[in-house]
Amino acid sequence: MPQETPEDAIDDLDRRVIAALQLNGRAPWSAVGRWVGASETTAQRRYTALRERGLLRVSGTLELDRTREGSSMMVRVQTRPGRGLEAAARFSESPDVRFVAVVTGSADLVVDFVARDNDEMMRMLFTDLPATDLITSTEVVPVIRSFTSAAMWDTGLLPPQAAADLRPAPAPGDRTDRDRAPQALTPLEQEIAAALREDGRTQVSVLARRLNRAESSVARAMDRLISRGILQFRTLVEPSLLGFDAEFMVWLSIQPGQLDAAGRQLAGHPGTKFLSAATGRFNLIGHMVLPRRADLHPYTSNVIGSLPGLIASDVTLHLATVKYSWYRMNRPV
């Protein structure tokens, strides 16, 4: 990911292209061009240039709470003084780790482990935990249900109508059926999800050839995954490139009877990229962005402070994201 000064790296048209792809990473270039004010060819060329420079990546992601593909454990890690970056690098090398951020505050790192069952999670956390020689303490926060995912975040750089036009119907992440039992993926669906994790814009015809499957079968399987809200497409990009210089996580303790109301309220805030219910000391956790760090003061007072049932809150401010949605960022650590 970017090594350049964010303000100098891209222009307004690039930002609009990224914003359109954030709404739907597989949106047709004709639709992208219409909303960004450029031709289809120009929009595609801008995307290609940004991807070649390592500034963005479209990735297919699974909504874990809708499948039986695994569950997430967010781990707050404190490290030995001066060893946080080294520990982050080691965590990022693990195939069991989906996300790693270097943060400041009550933790030094935030790490997201994904495991299929309790036995696998015990192995990750108690037997094969990376960088144990660099860690002084950990706190595990199991994620139990999503209120909103990063794939549903709207940057606000395009008109509100853009989301309705660019996103498929029903929109991925529609939570009207969020209490439906998780569904197991077929072998073909698993193959498609794995391939699209690497490049979410891979054409169906190309995907079918790679998987040695019939194109019609691949197309139908993809449609099923998307329409059920299981497969979503995220555009991985540094928030600072889009004008968000404050990236942070909130860790909230909410009265149990107010958890759903607080989650719905906070999920509707434009700075909320990801928000989930959890268990333990913190039962609501979120990944947020704001234009400036100074905005954190009114945010904690007016947004967090207004949540129903709030007992306690904590904020960890991101210094660097080392691994994001299984993808290791190209930054020195």
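Two rings of Phe, Tyr or Trp (its six-membered ring) form an aromatic pair if their centres lie within 6.5 Å; planes under 30 degrees apart count as stacked, over 60 as edge-to-face and the rest as tilted. By this rule, a search of the whole structure finds six aromatic pairs. Two of them are described below, after a note on the model.

The structure is a predicted model, in which local features need pLDDT of at least 70 and side-chain atom pairs count only at pLDDT 80 or more, while totals for chains, interfaces and linings use all residues. Residues are numbered from 1 along each chain as its sequence is written, and side-chain values use heavy atoms, with hydrogens and water left out.

**Confidence**

The pLDDT is the predictor's confidence in each residue, from 0 to 100. Its mean over the protein is 90, and 91% of the residues reach 70 or more. Residues 1-8 have a pLDDT below 50; this stretch has 23 contacts in the model beyond near neighbours in sequence, where contact means heavy atoms within 4.5 Å. Over residues 171-176 the pLDDT also stays under 50.

**Aromatic pairs and charges over rings**

| Pair | Centre distance | Plane angle | Class |
|---|---|---|---|
| Tryptophan 29 and tyrosine 47 | 5.2 Å | 45 degrees | tilted |
| Phenylalanine 248 and tyrosine 299 | 5.3 Å | 80 degrees | edge-to-face |

Tryptophan 29 is in helix 3 and tyrosine 47 in helix 4, so their pair ties together parts 18 residues apart in sequence. Helices (H or I, at least four residues) and strands (E, at least two) are DSSP runs, numbered from the N terminus. Both tryptophan 29 and tyrosine 47 are buried; buried means under 20% relative accessible area, exposed over 50%, and partly exposed in between (1.4 Å probe, protein chains only). Phenylalanine 248 in strand 7 (residues 246-254) and tyrosine 299 in helix 12 (residues 296-304) are 51 residues apart. Phenylalanine 248 has 0% relative accessibility, and tyrosine 299 has 3%.

A charge sits over a ring if NZ of Lys or CZ of Arg is within 6 Å of the ring centre and within 35 degrees of the ring normal. Arginine 201 lies over the face of tyrosine 47, 5.9 Å from the ring centre. The charged end of arginine 76 sits over the ring of tryptophan 251, at 4.8 Å from its centre.

**Nonpolar cores**

Tyrosine 47 also belongs to the largest nonpolar core, which has 30 residues. Such a core is a set of buried Ala, Val, Leu, Ile, Met, Phe, Trp, Tyr and Cys residues joined through side-chain atoms within 4.5 Å. Helix 2 (12-23), helix 3 (29-36), helix 4 (40-52) and helix 7 (161-166) each supply at least two residues of this core, and helix 2 gives the most, with seven. Another core, of 22 residues, lies apart from it and includes Val75 and Met121.

All six residues of strand 6 (residues 231-236) are buried, so the strand is largely enclosed by the rest of the structure. It pairs with strand 1 (residues 57-62) in the antiparallel sense over six bridges; strands pair if DSSP finds at least two bridges between them. The bridge partner of serine 59 in strand 6 is arginine 234.

Serine 59 is also among the residues touched by arginine 197. Arginine 197 is in helix 8 (residues 187-198) and is partly exposed, at 32% relative accessibility.

Note on methods. Lists of a residue's contacts leave out its neighbours within four places in sequence.
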